[in-house]
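Welcome, and please take a moment with the structure shown here. How do its helices pack against each other?

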Amino acid sequence: QAMQIVKMSIDAYKMRDKSKVHIPKYKSEVMAGFSVESCKAALGGTWNPLIDAIKAGSVKGIVAVVGCTTAKTKHDTVSVKLSRELIKRNILVINAGCVSSAIQIEGLMKPEAADQAGEGLKAVCRSLHIPPCLNYGSCVDIGRIGVAVTEIAAALGVDPSALPVAASAPEYLEQKAVADGAFAVAFGLLLHLAPVPPVTGAPLVAKVLTNDVESLTGGKVLVELDPVKAADAIEAHINTKRKALGLPV
Ligand code: SF4
């Protein structure tokens, strides 16, 4: 049956109308393939250089901007705008899933993109020769960001919910994103979501997700469609966490 499917595909390929094929000429270089192990290796084998940068405030925090992209809100635009806003505010961005492709296309995953970051993050990226938006792989790799956060929290001797860290699925679309989002909230992180999730018909569910759950896990959902306002809210959350840890804001 597999052979039959491959043969059907080959036959159908020959019938493609070339006038309808549009391959953009635009190309962008990318530094990809970051993981828990390679991030630590780039930092010299320990999280300490990143932790020191966070303590000093040159990196204010870390946000995982991950998951799907959707044509519902102008494809890629919310993910790219939000990531740009965060790096401008000295917040390191980790991307995984289809969001990552959008960030790559816009050239934010090459070391030269450090020029678009705030002064503190720019200096850290330049010294390590890394981009301000790190590619963490596909959407099935998103959970591995939790491994890095757990290790950083352990190194600081605090719960993950105490860290100046947040997550965002700014163009979520698929059930996998819902599972990842639920994990982020259970893990104790602020989770920015857009578009509006289909829970507004149940005020109790909306209240639990956007408010009450924080007293249980430390995490909660923030719904904001405007990427600049979302960056404002995420930055405010990061500043709150920094203050609670006695770090400069
Ligand atoms: S669930 Fe689908 S659309 Fe969403 S990030 Fe993964 S591959 Fe992309």
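## About the model

This is a predicted model, in which local features need pLDDT of at least 70, side-chain atom pairs count only at pLDDT 80 or more, and totals for chains, interfaces and linings use all residues. Residues are numbered from 1 along each chain as its sequence is written, and side-chain values use heavy atoms, with hydrogens and water left out.

## Helices α4 and α11

Let's start with α4 (residues 77-88) and α11 (residues 227-244), whose axes come within 9 Å and cross at roughly 40°. Helices here are DSSP runs (H or I, at least four residues) numbered from the N terminus; axes are lines fitted to C-alpha atoms over the stretch in contact, with angles from 0 to 180 degrees between N-to-C directions. The angle therefore makes α4 oblique to α11; angles under 35 degrees count as roughly parallel, over 145 as roughly antiparallel, 65 to 115 as roughly perpendicular and the rest as oblique.

On the α4 side, the contact (heavy atoms within 4.5 Å) is made by Val78, Lys81, Leu82, Glu85 and Leu86. Their partners in α11 are Pro227, Val228, Ala230, Ala231 and Ile234.

## Helices α3 and α7

Next come α3 (residues 48-56) and α7 (residues 142-156), which pack at an angle of about 70° with their axes 11 Å apart. These two helices are therefore roughly perpendicular to each other.

Here Leu50, Ile51 and Lys55 of α3 meet Ile152, Ala155 and Leu156 of α7.
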